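Subject: Structure for you to look at

Hello,

Here is the structure we talked about handing over. Please open it first, and then read the notes below it.

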Amino acid sequence: NIEALLKLAEVYFLLRRYDEAITAVNDALRQDNQLAQGYFIKGYVYKETGDTVTAKSSFQTAIEVNPDLYEAYMELGSLYAFQGDPLALEYFNSALQIRPKSAEAFYHKGMFLQAGYRIDRARDTYFEMLRADPNNVLGYFNLGYLYLTEYLAFDTAVAYFDSAIVERPDYVEAIYNRGLAYEEMELYGDAETSYREALLVNPQYDLAARGLSRILE
């Protein structure tokens, strides 16, 4: 039973019994070598065990068998992004062709662009992300972070951090960075309020404690 073999492989993977997972997948593929999910599972196993070359090959084969396998494009994009390879963008864009409103794909694409200091393109990608998913907290946070650290537009940064906090009131990183933006604008009362709020959410949040110490000196 091919379906049972693939399910068994997934169970072995979750149990970290990787050799047995590969054996189960190969048993299924011997019956049908056009099982995209089988190659995808093999890619996951090889990725987990650190064999990124074979993982890429397995995910690529999965795509050749099923060109609409969104998850395989995302995995390939993530592997190439980790290595700083611009091929990552092609895979994220392919994923977006399959799921044009995928906030996940926009997020990973934006982070790759941001890491490569292509700041304007990263910003525009986060805008697209929010058009696809207007309540996405990571989109608001990442835009706030770019306006805080790259564009030095602190009032705009505050607005985006506020939006992130509306979506997730305990988002301590957004609360802290809003305080940092207020501090940069020399609005020390507002900065103090944000730092104290961050410490209420997480009393061990050292960055907020240091920020509070700075403005109270």
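Is K47 buried, exposed or partly exposed? K47 is partly exposed, with a relative accessible area of 33%. Here buried means under 20% relative accessible area, exposed means over 50%, and partly exposed is in between (1.4 Å probe, protein chains only).

Before the rest, some ground rules. This is a predicted model, in which local features need pLDDT of at least 70 and side-chain atom pairs count only at pLDDT 80 or more, while totals for chains, interfaces and linings use all residues. Residues are numbered from 1 along each chain as its sequence is written, and side-chain values use heavy atoms, with hydrogens and water left out.

Salt bridges

Side chains of opposite charge can pair when their charged atoms come close. A salt bridge here is a side-chain nitrogen of Lys or Arg within 4 Å of a carboxyl oxygen of Asp or Glu. The whole structure holds ten salt bridges. In one of them, the side chains of K47 and E75 meet at 2.6 Å, N to O. K47 lies in helix α3 and E75 in helix α5, so the pair ties together parts that are 28 residues apart in sequence. Helices are DSSP runs (H or I, at least four residues), numbered from the N terminus. E75 is buried, at 10% relative accessible area.

A salt bridge also joins R99 to E71, with the closest N and O atoms 3.1 Å apart. R99 lies in the loop between α6 (87-98) and α7 (103-115) and E71 is in helix α5, so this pair ties together parts that are 28 residues apart in sequence. R99 is partly exposed, at 39% relative accessibility, and E71 is partly exposed too, at 33%.

R196 and E192 form a salt bridge in which the closest N and O atoms are 2.9 Å apart. Both residues lie in helix α12 (residues 188-201), four residues apart, which is about one turn of the helix. An α-helix has 3.6 residues a turn, so residues three or four places apart point the same way. There is also a network of salt bridges that links D162, R178 and E197.

Helix α4

How does the length of α4 compare with the span it should have? At 1.5 Å a residue, the 14 residues of helix α4 (residues 52-65) should span 20 Å, and its end C-alpha atoms are 20 Å apart, which agrees. The expected span is 1.5 Å times one less than the number of residues. The buried residues of α4 are A55, K56, S58, F59, A62 and I63. They cover an arc of only 165 degrees around the axis, which puts them on the same side of α4. That arc is taken from the directions from the helix axis to the C-beta atoms. The face turned away from the buried side carries the exposed residues V53 and E64. Among what covers the buried residues of α4 are α3 (36-48) and α5 (70-82), where contact means heavy atoms within 4.5 Å.

Helix α9

Helix α9 (residues 137-149) has 13 residues and reaches 18 Å from its first C-alpha to its last, close to the 18 Å expected. Ten of the 13 residues are buried, so α9 is largely enclosed by the rest of the structure. The cover over these buried residues includes α7, α8 (119-132), α10 (154-167) and α11.

Aromatic pairs

Rings of Phe, Tyr and Trp (its six-membered ring) pair if their centres lie within 6.5 Å; planes under 30 degrees apart count as stacked, over 60 as edge-to-face and the rest as tilted. By this rule there are 13 aromatic pairs. One of them is F141 with F161, a tilted pair at 5.6 Å centre to centre and 55 degrees between the planes. F141 lies in helix α9 and F161 in helix α10, so the pair ties together parts that are 20 residues apart in sequence. Both F141 and F161 are buried. Elsewhere, F13, Y18, F40, Y44 and F59 form one aromatic cluster.

Regards

Conventions. Helices (H or I, at least four residues) and strands (E, at least two) are DSSP runs, numbered from the N terminus.
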